[in-house]
Amino acid sequence: MKPFLRSVWMFVAFALLSLTIRAQDVSVAWKPQEITNGSPCIFVVKAHQATAVTGTWRGHAFSFFRQKGDPESWYSLAGIDVSAKPGNYDLTVQVATSSNTQTLHRTIAVGSAPYKEVPLTVPEKFVRPDPEAQKIIAADQETKNKVFADSAQTRLWTDRFSPPLRSAPRTDSFGTRRTFNGSIASVHRGLDYRAATGTPVMAVSAGRVILARPLYYEGNCVIIDHGLGSTTIYMHLSKFDVKEGEQVSRGQRIALSGGTGRATGPHLHLSARWQGEYLDPAKLFLLRLPSPQQP
Ligand SMILES: [Zn+2]
């Protein structure tokens, strides 16, 4: 082959190879980079000409979403449960294009958050519920399982998550290991806010009310679905301002706080959940979420 032809062929081969590499060029990242048990996080996949991106994390299958005007970035709001053991966890991402599907694996190191132990005293009926109460508790569990399984297949939140009240939460209230009346240890899977009965409670982000009714432990309880497995739970309320099925926007008043259910006194308990993983709401408010204002 003549030297000129050889260089033409090499050029063509190189161009084809670059094209192939470009088509398969995928990056996977997460924010924040340091994750501890109870952390919410954002998974970000950058992929050229992808048609769908899905993932698996701690046994949960989930889909990624895109922002308008940025076709190459795919996001998912996720997290790791407050009770999860620190260690290495695998994230699997599948990127589909019109011609193939690529599977990528990443190992994410989850550190240990410093949660404290707290003893609490509550009425005995909440520590040793009688058979009648146990029936109510079992029915509540069934109701909650049903509504949690009903999370929308699309993202309902539009931008950041913001606190439900103007007052500051009780520091370190999330993740504490609690003993009730000297027995039964449980992990506190939410954030408690000091709030006199009757304080307006706001939706932390846009979504749909999937539960607004009294429950045994939670008292008057509102659960909002934010889509793609994300929900927020508001407990011990004194009055409902929304009904089940209603759409709400971020900052909309949904209830008045109170001290109903298993509460040591009037306060608001807020839980944030993603596919059954309980996450620190305070960290959720700090998370920089993709939005039209924050591409
Ligand atoms: Zn609480």
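On a 1 Å grid over the protein atoms alone, a cavity is a set of points where a 1.4 Å probe fits but cannot get out. Your viewer shows a predicted model, so local features need pLDDT of at least 70, side-chain atom pairs count only at pLDDT 80 or more, and totals for chains, interfaces and linings use all residues. Residues are numbered from 1 along each chain as its sequence is written, and side-chain values use heavy atoms, with hydrogens and water left out.

**Stop 1: the whole chain**

Start with everything selected and cartoon on. You'll find 3 helices and 22 strands; these are DSSP runs (helices are H or I, at least four residues; strands are E, at least two), numbered from the N terminus. The C-alpha trace spans about 95 × 35 × 35 Å along its principal axes. Of the 295 residues, 46% count as buried, meaning under 20% relative accessible area with a 1.4 Å probe and protein chains only; over 50% is exposed, and in between is partly exposed.

**Stop 2: the cavities**

How many cavities of 30 Å³ or more does a search of the whole structure find? There are 2. Lining residues have an atom within 4 Å of a point. Now colour β7 (70–79), β17 and β21, the elements that give two or more residues to that lining.

**Stop 3: the largest pocket**

A pocket is an open set of points with protein on both sides within 12 Å along at least five of seven lines. The largest pocket holds about 860 Å³ of space.

**Stop 4: Ala196**

Next, pick Ala196, in the loop between β13 (191–194) and β14 (200–202). Is Ala196 buried or exposed? Ala196 counts as exposed because its relative accessibility is 55%. Finish by selecting Leu256 too: Ala196 and Leu256 are 60 residues apart along the chain, and their C-alpha atoms are separated by 9.4 Å.

Methods. Points joined across faces, edges and corners; volume = space filled by probe spheres on them.
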